[in-house]
Amino acid sequence: MGIRKNGKAEDLGTRYDPKGIEEKWYRFWEERGYFTPKGRGEKFSIVIPPPNITGRIHMGHALNITIQDIIVRYKRMQGFDTLWLPGEDHAGIATQNAVERELLKQGKTREDLGREKFLRIVWDWAKKYRKEIAKQIRALGASCDWTRERFTLDENLNLAVRKVFVDLYKKGLIYKGKYIVNWCPRCGTVLSDEEVEYEEEMAKLYYIKYPFEDGSGHVEIATVRPETMLGDTAVAVHPDDERYKGIVGKYLVLPLVGRRLKIIADKYVDPSFGTGALKVTPAHDPNDYLIAMRHNLEFVEVIDRKGYMNENAGKYEGLDRYEARKKIVEDLKVQGYLVKEEDYKHSIGKCYRCGTVVEPLLSDQWFVKMKPLAEPAIKVVEEGKIRFYPQRWKNFYLRWMYEIRDWCISRQLWWGHRIPVWYCEDCGYMNVSIDEPNRCERCGSTNLKQDDDVLDTWFSSALWPFSTFGWPNMTEDLKRYYPTDLLVTGFDIIFFWVARMIIQGLEFMKDIPFRDVYIHQLVRDKYGRKMSKSLGNGIDPLDMIEIYGADSVRFTLAILAAQGRDIKLDPAYFEVYRKFVNKIWNASRFVFMNLEDYEKIDVEPEDMKLEDGWILTKLKRTVESVTKNLEKYDLNLSARTLYDFFWGDLCDWYIEAVKPRLRNGGRDRKIVQNILVRVLDVSLRLLHPFMPFVTEELWQRLPEHGESITIAKWPRSSDFRSYEGPFEKFEKLMLIVRGVRNVRADMDMPQTKKVKVNIVSRDEWREIIREEYDQFVALANLSGVDFICEKPKMSASAYVDEELEVYVKLEDVDVEKERNRIRKKIEKLIKEREKRRKKLSNPDFLERAPKEIVESERRILTELNEKIGRMEKIIEEIA
């Protein structure tokens, strides 16, 4: 695949164009089977958080996939038997909603089609979007093993789901019961507590008189939902509330309805809310439900599953719940029951899928008893057997697990894993079975009907780390690759998914499902707002790949992914790192153009110049830093190290320093060629997990390369020597060059203008500069170097320490004019410095601005201080 001719790249343009290259190399990797593990050596396994089959991946998916692929490629190069298993989630509510919306455009509903025909349509949808999602994941360069691709409704995964349900039922951990549930009238299904999203909204708080049965007065009740009062069956007060001590046990009359309501005492009541008296509506509030169970109250349902008032609502029957509220408030006013209404801010629960306000309803549902299952899942995290990155998410997980409630697992949908329960139509017995029964276990009747509901999507997703490897069969994959090593996911599904995977893994595999949990960042827009359709601020990763290439998108996301901090993403960042990809391309192109006469030789320390020892020491330190930070999942630090090394150390310094040696030829040219090949080879390997496509394209053009960089050996720090003496000396030489460049900038000289420097130094440094003369003159763009005994007149300091003094000769300078110019420049710089200081002393800026912006401002302030100091010194020196 590499194209070389006599060591020179024949077809490398001056700009990297990812089109064609990305597809070519991904196909090459897949065809060669590099992503499929060999089943030998130490393993590293990871399962992808399966995307929903509801459309395109978003930027959060792109970040998640990029993080996983960086770690997977790194581990593969380290020699691990690496498996990254891909797949997709059937996403019950989301997919059914999406398909129903498409049907509505044709004027049809699922009821019009019937269950069987509707499900055929959804399966066609699933087939189409699974292919689309796989294509999108490939476009990012994800090195998944597609031969093991799974879907949460695959036949074997369905078997796993049925077995888990039956086993838990037989242990008494799954039960069916009537309970208050979160009901979405739009989706027509129950939602778990975690599927309800709460928003602060303004509402009205209505104060209503509930008269005593004996006509002796009334109790005032405050509520935001007067429509539910039709289902009231008691009024509760706190037992210690002195205001109501004498009325507990008395009866009130429910306005508009006439039902007798007993006044009861219960410690749940908050005396500070409203009037301290609480209307109890057991069928439409989860807390009221609990009060009713404690006091044996009646349950009266007044709202149906579509959000309309039912037959128990009397004359309000058939009204939408909000229409009923208006009508009831009007009637309360007319009949003299409404005391007042106030503006009131409260939290309201909405469906996480469609945004409809959730209605608490009394319903028969299937539940999992979570307390006994949660105990071992708490213990493994407390004991550190499962580690969270960043660590603060450990406490987040534990807080929820300590307070865990039973999980409602049934959903009133057609798309999903149907509940494996068959009801006998003759004797009413519930037959719970993995396989469809032919006869009733109790009476032998063949008149059986399966439960219409399906299981919550997260029920099957909770089995993902082991069902995907073949469980309940004890397959070779399951034995080798479970438990997995890492899970990469977002904080928003720690409860939905992470906790439940740990619970089910411990229950059915008797082992944790993964060792490390990396909670990645939330990708926000550049202003820190959550990306959403309503704001129109979403950034499509596939559009960015089309414009900038996958490597630029991946590297941008990686370098911004600081642990524990959300990413504020400006599309302009992709352009910044596209320039970096292009820099890698052109630096490699320069190396290839200078390899026509390349011959591999052994380079001994005595053959090397300062810059050679310096770059090899820098390379060793870069390998150490990148590896250490990847091990800790500090991908942003690894990416920053690579950026600084390649662009700063290799391109700006080493390549510039060795250009004269490459031109001069001889053995010195061969030494430089060999060092450049080695440094480029190692750099491309280190960059490969972040930028798989451009690194493969370039690595294949090196004089010596293997089959693919994908399976090339990861560099180890022990493979490299440190050259501390040359390193320190070249570092000082760099400071001198920077000093000369700073003098040019401070004196408004173009960097292209050659200047002469005078040097006062010890003999050692005279010798060093004579040896490095060509490189020094080229880097600092000098017309000459004079060694002198003391600081000359009309010169500016470029570098001064106890060993060495370097001065730039200032010729033909009008002293007074130059001093005035510099003073004016200093005044401007001081004003700019004050602006920066003011910004950095603003707590709001420090809190809200991205970390990299704050660091940039601090860096600029430091540079301004240094520049002002230098220019003040120049005024003294040219006096």
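Start with the whole protein chain in view and think about its contacts (heavy atoms within 4.5 Å): among those with a separation of 6 or more, 77% are between residues 24 or more positions apart. This is a predicted model, where local features need pLDDT of at least 70 and side-chain atom pairs count only at pLDDT 80 or more, while totals for chains, interfaces and linings use all residues. Residues are numbered from 1 along each chain as its sequence is written, and side-chain values use heavy atoms, with hydrogens and water left out.

Stay zoomed out for a moment. Taken along the principal axes, the box filled by the C-alpha atoms is roughly 115 × 65 × 55 Å. Switch to cartoon and you have 27 helices and 29 strands to look at; these are DSSP runs numbered from the N terminus, helices being H or I with at least four residues and strands E with at least two. Now try a surface: its accessible area is about 39,200 Å², and carbon and sulfur atoms hold 47% of that (Shrake-Rupley method, 1.4 Å probe). Of the 879 residues, 56% are buried. Buried means under 20% relative accessible area, exposed over 50%, and partly exposed in between, with a 1.4 Å probe and protein chains only.

**Next stop: H2 and H18**

Select 59-77 for helix H2 and 610-631 for helix H18; their axes come within 11 Å and cross at roughly 120°. The axes are lines fitted to C-alpha atoms, for helices over the stretch in contact, with angles from 0 to 180 degrees between N-to-C directions. The pair is therefore oblique, the class left over once angles under 35 degrees count as roughly parallel, over 145 as roughly antiparallel and 65 to 115 as roughly perpendicular. Show side chains and you'll find Ile-70, Ile-71, Tyr-74 and Lys-75 of H2 meeting Thr-627, Leu-630 and Glu-631 of H18. That contact has 4 nonpolar, 1 polar and 2 charged residues. Here Ala, Val, Leu, Ile, Met, Phe, Trp, Tyr, Cys and Pro count as nonpolar, Asp, Glu, Lys and Arg as charged, and the others, Gly among them, as polar.

Is Tyr-633 buried or exposed? At 8% relative accessibility, Tyr-633 is buried.

**Another positive phi**

Hop to Ala-91, in the loop between strand S3 (87-88) and helix H3 (92-105). Ala-91 isn't a glycine, yet its phi is about 50° and positive. This one is buried too, at 5% relative accessibility. Most residues other than glycine have a negative phi, and most peptide bonds are trans.

**Two cis bonds**

Speaking of peptide bonds, select Trp-471 and Pro-472: they are joined by a cis bond with omega about 20°. Pro-472 is in the loop between helix H12 (464-467) and helix H13 (476-481).

Pick 724-746 (H22) and 763-771 (H23), whose axes come within 12 Å and cross at roughly 80°. That makes the two roughly perpendicular. Lys-729, Lys-732 and Leu-733 of H22 touch Glu-764, Trp-765, Ile-768 and Ile-769 of H23.

Finish at Lys-835 in helix H25 (815-840), which is exposed with a relative accessible area of 56%.
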